[in-house]
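Please keep the sequence and the 3D view at hand while reading.

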Amino acid sequence: MKAVPMDDDPALILDGVFYRVPALDILKGVYLKVPAGTICGLFGRNGSGKTTLLKVASGQIQPNSGLTIIDGDRFHKQSKKDRFSKIAYLPQESMLPPDVTVKTLLASAGRSESDVSDPVRACTDQQVCNLSGGERRLLGVELVLGLDRDYVLLDEPFTGVEPILIDVIGQHIEQAAARGTGVLLTDHYHQNVIPLAEEAYVLWQKQCYRLDGHAPIQDQLVQMGYLHDDTASRS
Amino acid sequence: MILYLARKYIANTLILTAVFALLPLLFGSSFSSILPTALFWGSAGAAGYTYWRFRKKKVWPLYDNLRLPRFVLLGGLFLAVQPVTVALAVFL
């Protein structure tokens, strides 16, 4: 791994994260840094530990060792209330209760109907269980980004979402980063992540490798073997 | 979302209280003597069951995002039921 320059810029840092379940190491000394106001893409194959890493960062699971450092504050215990004053987290699976109306959810997150995009506004009177998978995902993303936290962790925000809504989600992510929010974004649809990401990491062999900022992310992903040449040229 | 949790908790408390009251009733205990005990254990069991249900449905991350601490909320709901338990024990 490359040496990381020391600086005091605000950032979300995962440092030396080890996570193992019986008979299987999932993360072995992962280091990752998301500077404030930056969109950081996290790539990795199925089962490489992307979701686990985001769960560690959000305090959903306790790592065997390692630290989450947010703007210089260390979060080594599951102090969720403190942690979530700085971060917001969109899990891979929907966190929205099915028998609640969209309006109730928006109100609980302190958002009004005028704050959300048209597709969400169109279904505020519906219950979550009546929304399509894509609408549910968009609602989750809008709720999380609307919480106005310093860092946002997005685990597969584009899954099951139609192209127009993907553009809407992408715009929301870019707007959040422009406001100074650091975004850690992981999704298998690399073609949606690469245009947004200013920095990128690849989880490979249970460790995190930072991609060089000088070459295009897509070329480096091909070089690392994460993408095939023809996959990259199709996207 | 606190009201949503409270609604679920109270529904679970009522169901579990009915379950805990039913068995002693079948064995001939009087309703007034077992109701406070059943409500106490029903409310305690409901706290655990509601936690488990929300965990199974993967809803807790939403509460984390909204900075609503799950154990404080469930503990608060359990304590909120206890004056009713005490009142039943005293007046029945």
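## Largest pocket

The residues lining the largest pocket divide into 9 nonpolar, 4 polar and 6 charged residues. The model described here is predicted. The volume of the largest pocket is about 560 Å³. Its lining comprises 19 residues, and those closest to the centre are Lys55(A), Gln60(A), Arg55(B), Lys58(B) and Pro61(B).

Two or more lining residues come from each of the following elements: helix H1 (50-57) in chain A, and helix H2 (31-56), helix H3 (60-65) and helix H4 (70-91) in chain B. The greatest contribution to this lining is that of H2(B), which gives 3 residues.

## Chain B

Chain B contains 4 helices and 0 strands. Along the sequence, its pattern reads α-α-α-α. Taken along the principal axes, the box filled by the C-alpha atoms of chain B is roughly 50 × 25 × 15 Å.

## Contact between the chains

How many residues does the contact take from chain A and from chain B? Chain A provides 22 residues and chain B provides 15 residues. The size of an interface is often expressed as the accessible area lost when the parts come together. Between chain A and chain B, about 1,600 Å² is buried, and carbon and sulfur atoms give 59% of that area. Within the area that chain A buries against chain B, 30% is supplied by Lys81(A), Met95(A) and Asp99(A), more than by any other three residues.

The polar side of this contact can also be counted. There are 6 residue pairs in polar contact between chain A and chain B, with both residues at pLDDT 80 or more. On the side of chain A that touches chain B, helix H2 (80-83), strand E6 (87-90) and helix H3 (102-108) each supply at least two residues. E6(A) gives the most to this side, with 3 residues. Sorted by class, the side of chain A that touches chain B holds 13 nonpolar, 4 polar and 5 charged residues.

## Salt bridges

Side chains of opposite charge can pair when their charged atoms come close. Between chain A and chain B, the count is 2 salt bridges. Lys58(B) takes part in a salt bridge with Glu93(A), in which the closest N and O atoms are 3.3 Å apart. Lys58(B) is also among the residues closest to the centre of the largest pocket.

Over all chains, the count comes to 9 salt bridges. Within chain A, Lys86(A) and Asp71(A) form a salt bridge through their side chains, at 3.5 Å from N to O. Lys86(A) lies in the loop between H2 and E6 of chain A, whereas Asp71(A) lies in the loop between strand E4 (65-70) and strand E5 (73-75) of chain A, so this pair ties together parts that are 15 residues apart in sequence.

Note on methods: Residues numbered from 1 in each chain as written. Chains lettered and ligands numbered in written order. Predicted model: local features only at pLDDT ≥ 70, side-chain atom pairs only at ≥ 80, totals over all residues. Heavy atoms only, no water. 1 Å grid on protein atoms, 1.4 Å probe; cavity = no way out; pocket = protein on both sides within 12 Å on 5 of 7 lines; lining within 4 Å. Points joined across faces, edges and corners; volume = space filled by probe spheres on them. Nonpolar A, V, L, I, M, F, W, Y, C, P; charged D, E, K, R; others polar. Contact = heavy atoms within 4.5 Å. Buried area = accessible area lost by both parts, 1.4 Å probe. Salt bridge = Lys/Arg side-chain N within 4 Å of Asp/Glu carboxyl O. Polar contact = N/O pair within 3.5 Å; in protein donor to acceptor, adjacent residues only side chain to side chain.
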